[in-house]
Amino acid sequence: MPLQLRDDLSYCSVDDQLIFLDIGKDRYFRLAETMERRFKSHQRGQSTDNDIRELINAGLIVGNPSPKPLLPQPTLAYPERSAMELSSMARPATIPDLIGALWAVGNTHMQLKTRRLSTILSGLSAYRLRRTYRVETQQSEATETPITGATAAFLRARPYVPIETCCLIDSISLIRFLANRGYAAHLVFAVTAVPFTAHCWAQAGALVLNDTVGNAHAHTPIRIV
């Protein structure tokens, strides 16, 4: 039977080091040297039967009757702009924005305390699919667009929500907030290798929504939702 990477597993290569994200077990990890060598051999199509057996036993690859390539997660466009750098934060937060941010952040905070990450991300994708119908146009000029304005509305309201800020909570919440206004955005999980750090942000096309372009460039994407 054809073999492929587990659906809830993704990886990226940073400075020739493989880093994995297992959303089914809510963890990042690296492989031991021997196992990483086997995985890289399998990537190149040069694995032995013993390599394959060990990778299956480790739960890294599985059989699938409809094979997909053993490749890292696809990436969005390379970040070129940031909504934080284009939108004005000086305007006051409105009551609808405060209510929307409170609902999105509160809902996300509760889910992260009671559900597995894989379940939350599956629900997020389904919710976005149901609610969104607007797509961010790819504009190179440094001007505010509707989605940057909606993002700014969330960022202005967020400090009034009495839940500690965190990139995961805030990014998922922002995507829900935008979906309620018809805008689609993706959740980008990314890492650095030395020292290891994990980070995430919301992005639409080449537009980073709740982070700076420089910080996004400093991280390597490992999974796109």
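# A guided tour, starting at a pocket

Welcome! Select Ala77, Tyr78, Pro79, His219 and Pro221: of the 13 residues that line the second largest pocket, these lie nearest its centre. Next, colour strand E8 (197-204), helix H8 (213-217) and strand E10 (220-224), the elements that each give two or more residues to this lining. Bear in mind as you look around that this is a predicted model.

How much space lies in the second largest pocket? About 150 Å³. If you colour the lining by residue type, you will find nine nonpolar residues, four polar ones and no charged ones.

**Stop two: strand E8 and its partners**

Stay with E8, one of the elements that line the pocket. Is E8 mostly covered or mostly open? Mostly covered, with six of its eight residues buried.

E7 and E8 run antiparallel and are paired over seven bridges. For one place to look, pick Val188 and find its bridge partner in E8, Trp201. Then follow the chain from E7 to E8: the two are joined by a hairpin of four residues.

Within that loop between E7 and E8 sits Pro195. Zoom in on the peptide bond between Val194 and Pro195, which is cis, with omega at about -5°.

Select Gln203 and you will see Val208 of E9 standing opposite. The hairpin of E8 and E9 has two residues between the strands, and in this hairpin Gly205 takes a positive phi near 60°.

**Stop three: a three-stranded sheet**

Move to the open sheet made of three strands in the order E2-E3-E4, with antiparallel pairing. Which strands are at its edges? Strand E2 (9-14) and strand E4 (27-29), each of which pairs on one side only. On average, neighbouring strands of this sheet are turned by 20° against each other, direction ignored.

Select E2 together with strand E3 (residues 17-22), and you have an antiparallel pair held over six bridges.

Between E2 and E3 lies a loop, and Asp15 is in it. Asp16 is in the loop between E2 and E3 as well. Check their backbone angles: Asp15 is not a glycine, yet has a positive phi of about 55°, and Asp16, also a residue other than glycine, has a positive phi near 65°. Most residues other than glycine have a negative phi.

Are these two aspartates buried or exposed? Asp15 counts as exposed because its relative accessibility is 66%, over the 50% cut-off. Asp16 is at 57% relative accessibility, so this residue counts as exposed too.

**Last stop: helix H1**

Finally, select helix H1 (residues 33-43), where Met35, Glu36, Arg38, Phe39, Lys40, Ser41 and His42 are buried. Turn the view until you see H1 lying across E2 and E3, where the helix runs at about 90° to E3. Then step past the helix to Gly45, which follows H1 and has a positive phi near 75°.

Technical notes:
Residues are numbered from 1 along each chain as its sequence is written. This is a predicted model: local features need pLDDT of at least 70, side-chain atom pairs count only at pLDDT 80 or more; totals for chains, interfaces and linings use all residues. Side-chain values use heavy atoms; hydrogens and water are left out. On a 1 Å grid over the protein atoms alone, a cavity is a set of points where a 1.4 Å probe fits but cannot get out, and a pocket is an open set with protein on both sides within 12 Å along at least five of seven lines; lining residues have an atom within 4 Å of a point. Grid points are joined across faces, edges and corners, and a volume is the space filled by probe spheres set on the points. Ala, Val, Leu, Ile, Met, Phe, Trp, Tyr, Cys and Pro count as nonpolar, Asp, Glu, Lys and Arg as charged, and the others, Gly among them, as polar. Buried means under 20% relative accessible area, exposed over 50%, partly exposed in between (1.4 Å probe, protein chains only). Two strands pair if DSSP finds at least two bridges between them. Axes are lines fitted to C-alpha atoms, for helices over the stretch in contact, and angles run from 0 to 180 degrees between N-to-C directions. Contact means heavy atoms within 4.5 Å.
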